[in-house]
Amino acid sequence: MCRVQCKMRASVATIWDKRARLYDTFEASDLRRGPARELLFREMTGKSLFIAVGTGMDIRHFPPGREIVAIDISEEMLRRADSRRRNYSGQLQFVRADALKLCFADESFDTVTTSCTMCSVPDPQQAFREIHRVLRPGGKLLMFEHVRSRNPILGLTLDLMTLFTRRNGTEMNRRTVETAIAVGFHITNVETVFLDIILAVRGEKLSEN
Amino acid sequence: MEKDTVPTKQDGSDDLAATARFRALIFNCGDCLFLIVVGVTATWIMHLVHHLGWHVVFTLLAGMTVAMFVQMLLARAVAPVLGSIESMVPSMVAAMIIPMMVCLLELAGVSLSSSSALMIGALGGGVIFILLRLYAIRCRKCLCAEYNAR
């Protein structure tokens, strides 16, 4: 089982190492999505974990002066993001890590943020379980994610697209908000960024009492 | 399709809100124009395939396949500006639906000229843009009511 998981993680890392070269040009779409990202990321407070930092396109939208740990599974992505990390006016640390097996202690973060992450992890439920584990009770979950549309035609289009994008490590038709709720997060706010496909989602890990 | 990105002003982010509004306007124009281009291209392709005189099923399949392939190339080309998902998803819907209109008209015995086929494509692209825009407004309200009241 572990061997299979290790192999899967290695293949995910390889895919993203390859995609790193053209990622900024074709997929980051910062011009359009930038303001919505910035508004969401402003809510990062306390010690924050940013999952899947990629080439660091999101770093320019991080609020200044924060303490942030950013992870990515791809070494190449982190290498490309390094110059952007140096320009950040706060404490920003990079760690090469897998979202499915976070190398951090339980309840060690006040905020966990994702940006187009849940479309790319092989097991989103496990990723959410890990986020739930490392987030302190009452901690914030901020997600900028694309999901399957509820509209039948758009949903079918996203299903069709997934047939092509899956081999590049991206699933276009995931129900990320529902998965977060199923794992135990309380969703407090959902804003549409593009139709009901790209969403800015705010949630929290409920305190036990 | 972009107004939904316009942020609220509650955290004193007036500049960001103004930037977002201005960009939303520009991107809406870009989306509309792009869908019109895709609509025109898709109907033109289907119109050309019809001229080959194949059976209607083969015509439909071949026309839609080529139209969708070209649409993917176009969407890829504009993705750095309009956004990857923002360009690919609506244009794929346009490339699937609009060429069917040409086929339906041909089946109904209407012989389309090249210019009228192109007009149908442009109109189809515009209509899809408006429908998606309305859907975006509806989504914003529905999701707001569903989650934000909790």
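This is a predicted model: local features need pLDDT of at least 70, side-chain atom pairs count only at pLDDT 80 or more; totals for chains, interfaces and linings use all residues.
Local features here require pLDDT of at least 70 and side-chain atom pairs count only at pLDDT 80 or more, while totals for chains, interfaces and linings use all residues. Residues are numbered from 1 along each chain as its sequence is written, and chains are lettered from A in the order in which they are written.

Q: What makes the secondary structure of chain B 4 helices and 0 strands?
A: Helices are DSSP runs of H or I with at least four residues, and strands are runs of E with at least two, numbered from the N terminus. By that rule chain B has 4 helices and 0 strands, in the pattern α-α-α-α along the sequence.

Q: How do you know that the span of α4(B) agrees with its number of residues?
A: The expected span of a helix is 1.5 Å times one less than its number of residues. The 35 residues of α4(B) should therefore span 51 Å, and its end C-alpha atoms are 50 Å apart, which agrees.

Q: Why are residues of α4(B) such as I120(B) and F129(B) called buried?
A: A residue is buried if 20 or more other C-beta atoms, placed from the backbone, lie within 10 Å of its own. I120(B) and F129(B) are among the buried residues of α4(B), whose cover includes β6 (185–194) of chain A together with α1 and α3 of chain B.

Q: What makes up the contact between chains A and B?
A: Two residues are in contact if their C-beta atoms, placed from the backbone, lie within 7 Å. The contact takes 32 residues from chain B and 30 residues from chain A. The largest share of chain B's side, 8 residues, comes from α4(B).

Conventions. A residue is buried if 20 or more other C-beta atoms lie within 10 Å of its own, exposed if 12 or fewer, and partly exposed in between; C-beta atoms are placed from the backbone.
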